[in-house]
Amino acid sequence: MWRALARTTLRAVANDCGSPGVGLAPSALTQHQLRHSKASNRFITTTSTAPPHNIGIMSVEKPKIVFVLGGPGAGKGTQCSRIVDRFQFTHLSAGDLLREERSREGSEFGNLIEDYIRNGKIVPVEVTCSLLENAMKASGKSRFLIDGFPRNQDNLDGWNRQMSEKVDFQFVLFFDCGEDVCVKRCLGRGQSGSGRTDDNLDSLKKRISTYNNDSLPIIKFFEGAGQVKRIDASPDAEEVFGEVEKIFVASGF
Ligand SMILES: Nc1ncnc2c1ncn2[C@@H]1O[C@H](COP(=O)(O)OP(=O)(O)O)[C@@H](O)[C@H]1O
Ligand SMILES: O=c1ccn([C@@H]2O[C@H](COP(=O)(O)OP(=O)(O)O)[C@@H](O)[C@H]2O)c(=O)[nH]1
């Protein structure tokens, strides 16, 4: 049902975006570029005039994507590393891409990203989605774990506009973990030198509130469409991966 909905939505805006609606072969894609309009204080995705891609005789397979969701510290990154080793996926963490962009010299979004991350708020989708699309194209790979995204309705809407027609969505892998365990893991990660500016109690309270208010409804939405594979993320990493492995094998990977 979500797919049908997503496609309808996308068709309506496809012309506006100039989306070619094909797979993500690096040379085949129109380049989305992002700029910040100071006048309107909005992010604008522009489309460059890359030469048209001939799709007449070649069928390009769309990359398969799995969204990986769960509370802060639920173990998404830890499990993604294992999935990469075992099932040859490419791991794209939206949080890591944002942190990288924040640190990139000359980035016009550095301060904005830092403010959002420190306060546990969700960065506008135009920034995150463009980082994800660029990373997918740059990798040249065809199986992706998209970790920590989509986190709110703005993320989901933006993804549907920019990406849903270009990929073959598989399912949402949901790491379900209690709040106390999540907090303990994040604080532990901070103490062991993550260097993250949000692994502290102050930021964590805000991140958890954002997760409960904005991210859980998105997971519930996918669940209603029968597209969520839920995993109890509270046991140790080995045991959790045992369950993850079963899901990927049963899904044909
Ligand atoms: N199943 C687990 N049991 C105990 N600690 C875990 C488990 N999974 C991850 N961790 C630890 O918890 C912290 C957060 O894990 P991480 O994978 O970075 O979470 P997320 O990507 O969901 O924020 C890390 O320090 C990690 O080593
Ligand atoms: O799609 C995303 C993913 C992450 N973030 C920001 O990056 C932070 C850290 O996210 P990450 O997934 O790295 O860590 P988690 O909170 O899941 O441990 C979040 O709190 C948000 O501020 C965001 O704005 N959009």
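Predicted model: local features only at pLDDT ≥ 70, side-chain atom pairs only at ≥ 80, totals over all residues.

Biologist: Where does valine 123 lie?

Modeller: Valine 123 is in the loop between helix 4 and helix 5.

Biologist: And is valine 123 buried or exposed?

Modeller: Buried, because valine 123 has 24 C-beta neighbours inside 10 Å, and 20 or more is the cut-off for buried.

Biologist: What about lysine 121? Where is that one?

Modeller: Lysine 121 also sits in the loop between helix 4 and helix 5. Lysine 121 is partly exposed, because it has 14 other C-beta atoms within 10 Å. Not counting residues up to four places away in sequence, lysine 121 touches Tyr116 and Thr210.

Biologist: What does UniProt list for "binding site"?

Modeller: An unreviewed UniProt entry lists several residues, including Lys121, Ile122 and Val123. The unreviewed entry also places a "binding site" feature at Asn155.

Biologist: Which helix holds asparagine 155?

Modeller: Helix 6, residues 153-162. Asparagine 155 is buried, with 23 other C-beta atoms within 10 Å. Setting aside neighbours within four places in sequence, its contacts are Ile122, Val125, Thr128, Phe149 and Pro150.

Biologist: Now the ligand. Which residues come nearest to ligand 2?

Modeller: Of the 20 residues around ligand 2, the nearest are Pro72, Ala94, Gly95, Val123 and Gly148. Two elements give two or more residues to that shell: helix 3 (94-103) and helix 4 (110-118). Helix 3 has the largest share, three residues.

Biologist: How many of the residues in the shell around ligand 2 are nonpolar, polar and charged?

Modeller: Eight are nonpolar, seven polar and five charged.

Biologist: New topic. How many residues are in the largest nonpolar core?

Modeller: That core has 47 residues. Phe67, Val68, Leu132, Leu145 and Ile146 have the most contacts inside it. Helix 5, residues 125-139, gives the largest share, six residues.

Biologist: What is leucine 132 in contact with?

Modeller: Leaving aside neighbours within four places in sequence, leucine 132 contacts Leu92, Ala94, Leu97, Ile146 and Phe149.

Biologist: Last one. Where is phenylalanine 171?

Modeller: Phenylalanine 171 is in strand 6, residues 168-176. Phenylalanine 171 is partly exposed, with 16 other C-beta atoms within 10 Å. Lysine 229 is 58 residues away along the chain, yet the C-alpha atoms of phenylalanine 171 and lysine 229 are separated by 7.0 Å.

Key. Residues numbered from 1 in each chain as written. Chains lettered and ligands numbered in written order. Helix = DSSP H or I, 4+ residues; strand = E, 2+ residues; numbered from the N terminus. Buried ≥ 20, exposed ≤ 12 C-beta atoms within 10 Å, placed from the backbone. UniProt positions renumbered as here; feature names shortened; annotations may be inferred. Contact = placed C-beta atoms within 7 Å. Near = placed C-beta within 6 Å. Nonpolar A, V, L, I, M, F, W, Y, C, P; charged D, E, K, R; others polar. Core = buried A, V, L, I, M, F, W, Y, C linked by C-beta atoms within 7 Å.
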